Amino acid sequence: MKTKPVVATFLLLAPLTACGSAQAGDSSTVTVTVGYQSKTINTVTAGTLLRSLGYFEKELDSLHDGKTYKVDWQDYATGAPITAQMTAGKIDIGSMGDFPLLINAARGKQLGKPTHLVSVTGYNLRGGLNTVVTAPDSQLASLGDLKGKKVSTSVGSAADGTLVRALQRAGIDPGKGIEKLNQQPAVGASALSAGSTDALSQFVAWPGLLAYQGKAKALYDGAELNLPTFHGVTAREDFAERRPAVLEAFLKAQAEATDYLNTHPVAAAESVAKATGLPAEVVYLYNGAHGIATFDPALKPQLVSALKQDVSGLKAAKLTGDIDVDSFVDDQYVKKALGADYTKRLAATPAASASEVWPKGASETRSFTTPVALLKYVSAHRDGIRAAYVPDATTGTLWFADKAVWVADGGRLLPFVAPETARAYVTAHGGARIVTYAQALEQAS
């Protein structure tokens, strides 16, 4: 079926009257404005991938309500500008992380332009979507070493929330114990490379990208917090009430994009890589079959519960006041969009962690039951490996095999994202020792 045209206009050129309503002078044409973050790749089922597949335009075309629909996709680096444009009535539907979602809720209520969380994109039940990284040659070896250091993050983001909680657990006052630099992800990445910050706490896909490029190494795996983190879709209340069929069409399209990603993870990674300029190997780290993110539009109770816990962090940082999470979460539209399938999605659980190899030239990856089995394969096919991934032995967070911290424990070879967790394992297991990746490959071969 032929899809309707996608209008890619700059924000300042987009007429206010066109958002979710008939354009002036043409009562049969409706422009729906979607704010997304192309490089925040665990939102791709509501943004980058969804846009490339054309599923939303197709769903709108099937409404047959006498309207001609156009979609204006607007790309942003973070959730804050999406919230600003939503409360100004210029964006109808947006996607962002859990902390920005709460700020979205607070700003909407404050300005009399309420919004609602209507679905989830990608999530990690332990918090592995956020990571603290340092420079490759940094001598920092634990989170405690950050005391008195400069740390870049985006204040109000999920990555900032991870940093604050992690520092608190390490006995460091997040307000006084470090010098926090409030920077956009790209600026923080440049600061880390330039040596003007000691560490960077960021969300997907920045930590994985910098590690893949050899520009950073992991210091702290957000999954050590064991607190869920996720990204979701928010919609303006007035838009949802005025055009419920359009919002339901979006959520149906999101579910279709989710199914595509889960069924064709390599093709999806390649598509997102092409659209964003990110390496496909990095996209797959997060969005692959056993990636750090799990994609499901269902508003799972444990994610809503985590959102409620996040409120205290934002209040402590004086970014918001009290937030009524229960009134912000609205699952009526996604339930109607997905019908009987919603209950099944609500009960679905993340795939078990596994080691994976992406052979060069392959359209599929190969999974292995143990890291040793993966290492044996890599050792025997050294010139034929595009990427190799292994799950952290403690948290299950997937990481690049050649960037992991490896521990030899007898005949076992165990990967860890961060050095501190590797050392903790060695301390608890007599005879275990940290080895290099080359030594791990040699032992496994």
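Strand 14, residues 355-359, pairs with strand 15 through three bridges, and the two strands run in the antiparallel sense. This is a predicted model.

Four strands make up an open sheet, and their order across it is 15-14-16-17, with antiparallel pairing. Strand 15 (366-368) and strand 17 each have a single partner strand and stand at the edges, so one side of each has no neighbour in the sheet. From one strand to the next, the twist averages 25°.

The next topic is aromatic rings. How many aromatic pairs does a search of the whole structure find? The search gives eleven. One of them joins Tyr-212 and Phe-400, whose ring centres are 5.4 Å apart. The planes of these two rings meet at 40°. Planes under 30 degrees apart would count as stacked and those over 60 as edge-to-face, so the pair of Tyr-212 and Phe-400 is tilted.

Where do the two partners lie? Tyr-212 is in helix 7 (residues 206-212), while Phe-400 is in strand 17 (residues 398-400). The pair therefore ties together parts that are 188 residues apart in sequence. As for accessibility, Tyr-212 is partly exposed, with a relative accessible area of 32%, whereas Phe-400 is buried, at 2%.

Tyr-212 and Phe-400 are also members of a cluster linked by ring pairs, together with Tyr-284, Trp-358, Tyr-389 and Trp-399.

The last topic is the nonpolar cores. The largest nonpolar core has 56 residues, and those that touch the most other members are Val-32, Phe-56, Leu-247 and Phe-250. Helix 9 (residues 244-263) gives the most to this core, contributing eight residues.

Phe-56 can be followed in detail. Leaving aside residues up to four places away in sequence, Phe-56 touches Val-32, Val-34, Leu-50, Val-71, Trp-73, Val-246, Ala-249, Phe-250 and Ala-253. Apart from this core there is a second, separate one of 41 residues, which includes Ala-159, Ala-189, Ala-218 and Val-283.

Terms used: Residues are numbered from 1 along each chain as its sequence is written. This is a predicted model: local features need pLDDT of at least 70, side-chain atom pairs count only at pLDDT 80 or more; totals for chains, interfaces and linings use all residues. Side-chain values use heavy atoms; hydrogens and water are left out. Rings of Phe, Tyr and Trp (its six-membered ring) pair if their centres lie within 6.5 Å; planes under 30 degrees apart count as stacked, over 60 as edge-to-face and the rest as tilted. Buried means under 20% relative accessible area, exposed over 50%, partly exposed in between (1.4 Å probe, protein chains only). A nonpolar core is a set of buried Ala, Val, Leu, Ile, Met, Phe, Trp, Tyr and Cys residues joined through side-chain atoms within 4.5 Å. Contact means heavy atoms within 4.5 Å. Two strands pair if DSSP finds at least two bridges between them. Axes are lines fitted to C-alpha atoms, for helices over the stretch in contact, and angles run from 0 to 180 degrees between N-to-C directions.
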